[in-house]
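Please look over the sequence and the structure first, and then read the notes below, which are grouped by topic.

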Amino acid sequence: MANYYTYRIDNHGDDIRPNDLQLARTAARAGEITADELRQAEDEAIIAWVKAQRHLTLSCLTDGGFRNGDYRSPVLHSVAGFTRDPDRMGPGGFGTWVVDAPLKLKKPIASDDATFLLEQTGFPVKVKLPSAAHLAAQCYDEQKTVRAYPGAAALGDAIAELLHDEIEHLFEIGVKFVQLDNPDYSAYLVGGGSPLLTFDEAVSIDQAVVAGLEREEDQKVGLTVGWGDDLDGTVDVDRVQRLFGTDYDKFTVPFHTEAAVAQDLPRRVPEGKQVGIGIVDATVAELEDIDTVVRRIEDVVEVHDYDRIGLLPQKGFQQAHYIPAALTIEQQRKKIELVETLATMIWGNEA
């Protein structure tokens, strides 16, 4: 019997913001429209995107990240203690945030926005969050954060507790799929990683997020372990086994190149776990050659049954509203349509 809870035709969830929404954000920053008017613009953009996703026959629907400044915003804007550092920009042009006080929840991290999304559709809903270890590695400052937490690992533990509670609530209100992103693992798995967190600390923190989570058969928690960076090293097999041994239901890996790491990781996802393979490049407009992608998928099927596999782009199409997207909305549509085409070639009407 097919596993209908793999969410086979997937999308990372950071999608290209429509121009009307971007204009509304600019107007809100300039004081030309109110917060309520911006919220209305976000609502309209999300409703339109839900309809578009149904036409694309995605297995689970997201709000596109349209309410977020960037992929970390659900936590950064919901938890007191995170402060934006306007004088620094992080890698890739993302804003820099630091923790300068004990963390305290100000409002629900994602459940209010998820409730709105659930009201728009009867199809499975997916919520995307940054992983606790990823945020700890990014936001620990050795001068400022130490006042509240003695090290990045202690900060990660505090974030993990908040995320664990939030995911419990998301499942209670009916969300089917929660995805946590930690692109740092692409470096960890080839022997590198953050200078603030060891690999073992990162894994322990992200494991704490899902430890003991109760969920129904169709409710899944996935972990994205890379967006396509650090693919030219040699996989540390012991580290891969430890990471894939955590209590996540699904591991999503980049699979859009011939790089050895990209081709090796899906094979190492253990039995009983699902694997999401990022088969199209979200950063270039040119469509992938179907025969090449099918061959790659066939390589994965040598190890995993088809029913354990889901397909998606290798990363989000626009992970921050303030960083220009590499593709147009039309090019994004064609990329997702290619994912749908490949899924239909594999599973037919069961995709």
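A cavity here is a set of points on a 1 Å grid over the protein atoms alone where a 1.4 Å probe fits but cannot get out, and a volume is the space filled by probe spheres set on such points. The model is predicted, and a search of the whole structure returns two cavities of 30 Å³ or more. The second largest cavity holds about 30 Å³ of space, whereas the largest cavity holds about 210 Å³.

**Cavities**

- The second largest cavity has a lining made up of Tyr 185, Ser 186, Leu 189, Gly 226, Leu 231, Pro 254, Val 261 and Leu 265.
- Sorted by class, that lining of the second largest cavity comprises six nonpolar and two polar residues, with no charged residues.
- The largest cavity, with about 210 Å³ of space, is lined by 19 residues, and those closest to its centre are Asp 63, Asn 68, Pro 74, Val 127 and Lys 128.
- Helix H4 and strand S3 (126-130) each contribute at least two residues to the lining of the largest cavity, and the largest share, four residues, comes from S3.
- In the lining of the largest cavity, nine residues are nonpolar, four are polar and six are charged.

**Largest pocket**

- The largest pocket has a volume of about 910 Å³, and 44 residues line it, of which Tyr 71, Pro 91, Gly 92, Phe 94 and Gln 138 lie nearest its centre.
- The elements that give two or more residues to this lining are strand S1 (79-89), strand S2 (95-105), helix H5 (132-139) and helix H7 (185-188).
- Among these contributors to the lining of the largest pocket, S2 gives the most, with four residues.
- The class composition of the lining of the largest pocket is 20 nonpolar, 16 polar and eight charged residues.

**Second largest pocket**

- The second largest pocket has a volume of about 560 Å³, and its lining consists of 26 residues, with Arg 67, Asn 68, Gly 69, His 77 and Lys 107 lying nearest its centre.
- Two or more residues of the lining of the second largest pocket come from each of H2, helix H3 (73-76) and H4, and H2 provides the largest share, five residues.
- By class, the lining of the second largest pocket divides into nine nonpolar, six polar and 11 charged residues.
- Asn 68 is listed among the residues nearest the centre of the second largest pocket and also among those closest to the centre of the largest cavity.

**Packing of H2 and H4**

- The crossing of H2 and H4 is right-handed.
- On the H2 side, Arg 39, Asp 43, Ile 46, Ile 47 and Val 50 take part in the contact, and they meet Asp 113, Phe 116, Leu 117 and Gln 120 in H4.
- Classified by residue type, the contact of H2 with H4 has five nonpolar, one polar and three charged residues.

How values were computed: Residues are numbered from 1 along each chain as its sequence is written. This is a predicted model: local features need pLDDT of at least 70, side-chain atom pairs count only at pLDDT 80 or more; totals for chains, interfaces and linings use all residues. Side-chain values use heavy atoms; hydrogens and water are left out. A crossing is left-handed if the near helix is turned anticlockwise from the far one by less than a right angle, and right-handed if clockwise. Contact means heavy atoms within 4.5 Å. Ala, Val, Leu, Ile, Met, Phe, Trp, Tyr, Cys and Pro count as nonpolar, Asp, Glu, Lys and Arg as charged, and the others, Gly among them, as polar. On a 1 Å grid over the protein atoms alone, a cavity is a set of points where a 1.4 Å probe fits but cannot get out, and a pocket is an open set with protein on both sides within 12 Å along at least five of seven lines; lining residues have an atom within 4 Å of a point.
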